[in-house]
Every structure is written in C-alpha cells, then in structure tokens.
Amino acid sequence: MNFRRIFLVKCLLLLFPSVKCSSTSWIYKAVNETALLSITAPGSIYEATWMRGRQRLVQMKGKNARHFVNKERCRCAILRNGTLQIQRLEKEDSGNYTVVIYQQDGKLQAEENIMFFVQEPVPQPILTGECRNKSLSVKCEVKQKVKDEAKEKAKDEAFIIELTQPSGKKIMKNATVLEWRGWNSGTFRCVAKNQVSEKMAEKVIKCPGKMDFYLILCIAGGVVFFVIFVACLIYCIRRRRKRHEVCEEERGMQALPVDRERGMRELPQTPAEPTPKQDMEH
C-alpha cells in the first residue's frame, strides 16, 4: 500500500473540500471477456489517468488520449467518459487499478482504486459414488491446473463446491474435492463455482441390496410395537379371566347360605307326642 499517496490525498481533502475520493471496489471477470472499469466520481471528466500498480497505462486529457504502454500488449483503451476498456482478458490482467482524476484548473478531483480479478471458467465437476460396508461414499471432484509462478509448477485451482444429498447440503470453500458418506441413496447434485462461472453435475446413486436406513428404523419400530401390543393383549386377557374366576367363586360362596336356609325351611314337621293327661282321658 502506498502510504505517501494516501497521506497526500488526505492533505488535499483538507485543503480542497471539493475533492472527493471513493472507496476501493472489487470486480471479477472471466478469461477472454471484455472488462469496463468505470469511474464513479460525479461530474464531467477533463483529465483521467489509469494505472495498474505503479505503471501508467493510458491517459485522457480533454479530447485527446495517450497510451504509455504498447496498445497490442495492453489491449486497453480509454473512453470519452474516462472508462478503461480491456479486451480479450488474460489472467495476467489481474491487479490493483487506480484512476486519478483532475479538474481543468489542475486540481485533484478524485482518486479511485479497483481490485480487478480475471479467473478461468469453472470446469465440469465429476460426481462419483461407491458402496462401502453397507454405506454410500460420494465424491465431487473439480480439476483444473494453473501455473504457480512463485514455485514454477502446476497446481490444482480451488473452487467453491456444493454437494446436495437427499438429507441436506454440504459446502466447502477453496477446495478441489468434497466427499460425503452416509446411508441415504437417491439423487445427488454437485455444483462447482467461482466468481465468474458455475457448473453442475447430477446423478442418481443407489447401493444394490441395501435397505434405506429410515426404512430399517420403521420396520424395527413396527416389530417392537407389535410385540408390545401382543404382550399387553395377553396380559389384559389373563387379567380379565382371573377377574371372572374370582367373581364366580364369590357368587358360589354367596349362594351356599341361601341354599341351606331353603333346606331348613322345607324340612317336614314331626307330630307332637301325647301328654299323660290325654292318655288318661282315652
């Protein structure tokens, strides 16, 4: 970061209140596209100079345009409103772009920074599935080699990968491979994306002979419920039968005294013996 430039801009803002400066913006574009880096400062533009890093690219002053680098190498041009146009983008065009705007009297009007990134489109993701030990293993893989200038060798570029399975979604950033293991078979969707493109792969993956985990739970729960129901039914039947036997015994015991009373009432009465007085009369 150029602290001298920031200090100078702050001093100018104090000296000239009309000077305006916008915050840094971020722009992403794909390779081989055309980029338009516009100026957000209000008002007409008299003089504007675009730089990438510390290197001046092109300048517009009045109606005249001036290039500080080779046009074919830069592939850039400045429009009448101060917008910087870059054609046939390459990854090397990424960087920090700065535009300095001056008024016609030479006073600084604004200074804007743009972080510009050029990315390769996302390649087609590869979605595979494999059955392991009665479980399912799904892999979403994205391969694209890029040259690491620092180490001077090729490496895999990282992307944002989203894997949607029947039970939910899993997201991983700055990755080339995303794996998932579980029990659920069904439709799987793999999405690989970056700031400029997005691609998807979808596939139905099932393990042959493997029952769904939730189906197993339902069957096991049904069996347990059936066993409990049968046990409760047998218990209720036995208890009802026992109550019936007790009631029969109580009825038998209550009926026994009644039968005795009836027997005593139905016994024949024997005639009374004659008294001695009655014998003498005879």
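# Strands, cores and turns in a predicted model

User: In β17, which residue is the bridge partner of glutamate 162?
Analyst: Residues are numbered from 1 along each chain as its sequence is written, and side-chain values use heavy atoms, with hydrogens and water left out. Strands β14 (residues 159-165) and β17 (residues 186-193) run antiparallel and are joined by five bridges. Within β17, the partner of glutamate 162 is valine 191.

User: In what order do the four strands of the open sheet lie?
Analyst: Strands are DSSP runs of E of at least two residues, numbered from the N terminus like the helices (H or I, at least four), and two of them pair if DSSP finds at least two bridges between them. Pairing in this open sheet is antiparallel, and its order is β15-β14-β17-β18.

User: Which are the edge strands of this sheet?
Analyst: An edge strand here pairs on one side only. From one strand to the next the twist averages 15 degrees, with axes taken as lines fitted to C-alpha atoms (for helices over the stretch in contact) and angles running from 0 to 180 degrees between N-to-C directions. The edges are β15 (168-175) and β18 (198-205).

User: How does the confidence look overall, and what is the mean pLDDT?
Analyst: Residues 1-10 stay under 50, with six contacts beyond four places in sequence, a contact being heavy atoms within 4.5 Å. Residues 12-21 also stay under 50, with 14 such contacts. Across the protein, 76% of residues reach 70 or more, and the mean pLDDT is 81.

User: How many residues are in the second, separate core?
Analyst: In soluble globular proteins, nonpolar side chains tend to be buried together. The second core includes Leu127, Leu136, Cys140 and Ala201, and its size is 18 residues.

User: In β9, which residue stands opposite isoleucine 101?
Analyst: β8 and β9 run antiparallel and are joined by eight bridges. They form a hairpin with five residues between them, and glycine 106 in the turn has a positive phi of about 95 degrees. Isoleucine 101, one of the core residues that touch the most other members, stands opposite alanine 110.

User: In β4, which residue stands opposite alanine 48?
Analyst: β3 also pairs with β8, in the antiparallel sense over six bridges, where glutamate 47 stands opposite tyrosine 102. With β4, the strand β3 again pairs antiparallel over six bridges. The two form a hairpin with two residues between them, with glycine 53 in the turn at a positive phi of about 70 degrees. Opposite alanine 48 stands methionine 60.

User: In β5, which residue is the bridge partner of methionine 60?
Analyst: Four bridges join β4 to β5 (residues 64-67), and the two run antiparallel. Their hairpin has two residues between the strands, and glycine 62 takes a positive phi near 70 degrees. The partner of methionine 60 is alanine 65.

User: Is asparagine 32 buried or exposed?
Analyst: Most residues other than glycine have a negative phi. Asparagine 32 has a positive phi of about 75 degrees and sits in the loop between β1 (25-30) and β2. Its relative accessible area is 64%, and asparagine 32 is exposed.

User: What is the relative accessible area of asparagine 174?
Analyst: Asparagine 174 is found in strand β15. Its phi is also positive, at about 55 degrees, although it is not a glycine. Asparagine 174 is exposed, with a relative accessible area of 69%.

How values were computed: This is a predicted model: local features need pLDDT of at least 70, side-chain atom pairs count only at pLDDT 80 or more; totals for chains, interfaces and linings use all residues. pLDDT is the predictor's confidence in each residue, from 0 to 100. A nonpolar core is a set of buried Ala, Val, Leu, Ile, Met, Phe, Trp, Tyr and Cys residues joined through side-chain atoms within 4.5 Å. Buried means under 20% relative accessible area, exposed over 50%, partly exposed in between (1.4 Å probe, protein chains only).
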